[in-house]
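Reader: Before we go through this model together, I would like to learn how its features should be read, starting with the general idea and then turning to the case itself.

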Amino acid sequence: MKRVNETCARLGIKPGARVIVVRIGTATLQFHRNGALEKSYIVSTSKRPPSNVKDSLGTPRGLHEIAERIGAGQPPGMVFKSRVSTGQHFSELPDAGADDNLITSRILWLRGLEPGVNRGGEVDTYGRYVYIHGTNREERLGEPLSAGCVLMRNLDIVELYEEVRTGDLVWIAE
């Protein structure tokens with residue numbers, strides 16, 4: 001949390017009560033409330049090395065915020081295409097093959113807060129459509145799996161979604 005507070009101070013941002021910390025190296029996501037760890041989850045991040053650059057398919061590092069929350073009220077496992085519910089659970093899709101990594105259950109769309117690092121130009125997290133979301137590949141969580149997003153178990157992302165709000169901070173570190 002020290003790096004979060006230092007970056008917030010540098011950017012003139014007041015940290016809120018809720019902060020998410022994603023650690024790429026340990027494949028974990030930690031949810032903090034009022035400075036205390038409330039819950040830790042196993043996640044997956046990118047197959048490629050971490051990167052903030054457009055088209056790199058790497059998970060971006062640094063300070064972000066939750067820009068949009070998508071999927072309220074949808075059942076766990078619901079598939080989203082272009083951030084819209086398809087009306088189908090991932091198990092109902094005939095083309096959901098072993099290598100497909102679908103966006104399921106809930107979407108927390110991230111916006112970078114550090115100009116030139118993860119915001120603007122060729123390093124814009126929001127413009128890269130980087131999310132925290134559910135996956136149809138729950139059995140592979142903990143290993144590099146995504147094209148830049150942070151993947152969670154469907155029931156875990158539903159739980160986290162209920163705890164966070166737009167504007168809450170997300171720190172992503174190696």
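Author: Helices (H or I, at least four residues) and strands (E, at least two) are DSSP runs, numbered from the N terminus. In this predicted model local features need pLDDT of at least 70, side-chain atom pairs count only at pLDDT 80 or more, and totals for chains, interfaces and linings use all residues. Residues are numbered from 1 along each chain as its sequence is written, and side-chain values use heavy atoms, with hydrogens and water left out. Asp168, for example, lies in the loop that runs between α2 (154–163) and β10 (169–173).

Reader: Is Asp168 buried or exposed?

Author: Buried means under 20% relative accessible area, exposed over 50%, and partly exposed in between (1.4 Å probe, protein chains only). Asp168 counts as buried because its relative accessibility is 7%. With contact taken as heavy atoms within 4.5 Å, Asp168 touches Arg18, His64, Glu65 and Ile66, not counting residues up to four places away in sequence.

Reader: Which residues of helix α1 (residues 2–11) are buried?

Author: Val4, Thr7 and Cys8 are buried in α1, and they pack against β1 (18–23), β4 (62–70) and β10.

Reader: In what sense do β2 and β3 pair?

Author: Two strands pair if DSSP finds at least two bridges between them. Strand β2 (residues 28–33) pairs with strand β3 (residues 36–42) in the antiparallel sense, over six bridges, and Phe31 stands opposite Lys39 in β3.
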